[in-house]
Amino acid sequence: TQLKLNPKDEVTGVFVRGEQVFAYTKQGLSYVLTRDKGAIVRADVVQGGSYKMLPPVVLKERVVYPTTTQLEVFDTVTGQRLLPIDLRASIRGGAVGEGGSVYVALDSPNGGGRVRKVNLDLTQNLDPRLSSGLMEWELQARKGGIEGAPAVHAAVMYMGSTGGQVYAVSTETREPIWSPA
């Protein structure tokens, strides 16, 4: 597919998610294309995307673009930008999604790493003091930072730290599946 880019723009990354392809540009655009024919579905303008945009997280009704410190949330049907979620921390290792939630690896003020679960059910009346009211829980690594994205499978969230530890917790309760050594 030939994208009609500004002469000062260029494609910086391509990501396949299910039946869609996301082509990121230097100026912070995300072109969403069909995987089978390469037809352009829409172009999402991602605030902060010209500086840093990590791979997209595609949920049933949302697409989430992790940037430097925010999650930019778009409706998958209309393409409308729904809201930015200011995480008040630097996104380090990327994000993954399951159900209506996103799990994002963040830096910690003390130099370590943590993973935060962010609920994207925008119909709930959530506590606005908790990271725009959408944070459900966090898991802090005991040693080291978090360089890679967490993984989620069968209601378990896994994260590995640069300190050599691997954590596994319930996505609902944050209860440990096992204790790290």
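Entry 1. I note at the start that this is a predicted model. E10 is joined to strand E11, residues 113-119, by 7 bridges, and the two run antiparallel.

Entry 2. Next I turned to strand E9, residues 91-98, which is joined to E10 by 6 bridges. E9 and E10 run antiparallel. One opposite pair I wrote down is valine 96 and tyrosine 103, the latter in E10. E9 and E10 also form a hairpin, here with 2 residues between them. Glycine 99 lies in the turn and has a positive phi of about 60°.

Entry 3. I asked how much of strand E10 is buried. Of the 7 residues of E10 (residues 101-107), 6 are buried, so the strand is largely enclosed by the rest of the structure. I used under 20% relative accessible area as the cut-off for buried.

Entry 4. I moved on to an open sheet of 4 strands, in the order E1-E2-E3-E4, with antiparallel pairing. Its edge strands are E1 (11-17) and E4 (40-45), each of which pairs on one side only. On average, neighbouring strands of this sheet are turned by 20° against each other, direction ignored. I also checked strand E3 (residues 29-34), which pairs with E4 over 5 bridges in the antiparallel sense. Across this pairing, serine 30 stands opposite aspartate 44 in E4. As a reminder to myself, strands of a sheet pair through backbone hydrogen bonds.

Entry 5. Last, I looked up alanine 168, which is placed in strand E15, residues 166-170. Is alanine 168 buried or exposed? Its relative accessible area is 1%, so alanine 168 counts as buried. I then listed what alanine 168 touches, leaving out residues up to four places away in sequence. The contacts are Val156, Met157 and Tyr158, together with Glu175, Pro176, Ile177 and Trp178. For one of these I also looked up the distance: methionine 157 is 11 residues from alanine 168 in sequence, and 5.6 Å from it in space, C-alpha to C-alpha.

Conventions
Residues are numbered from 1 along each chain as its sequence is written. This is a predicted model: local features need pLDDT of at least 70, side-chain atom pairs count only at pLDDT 80 or more; totals for chains, interfaces and linings use all residues. Side-chain values use heavy atoms; hydrogens and water are left out. Buried means under 20% relative accessible area, exposed over 50%, partly exposed in between (1.4 Å probe, protein chains only). Contact means heavy atoms within 4.5 Å. Two strands pair if DSSP finds at least two bridges between them. Axes are lines fitted to C-alpha atoms, for helices over the stretch in contact, and angles run from 0 to 180 degrees between N-to-C directions.
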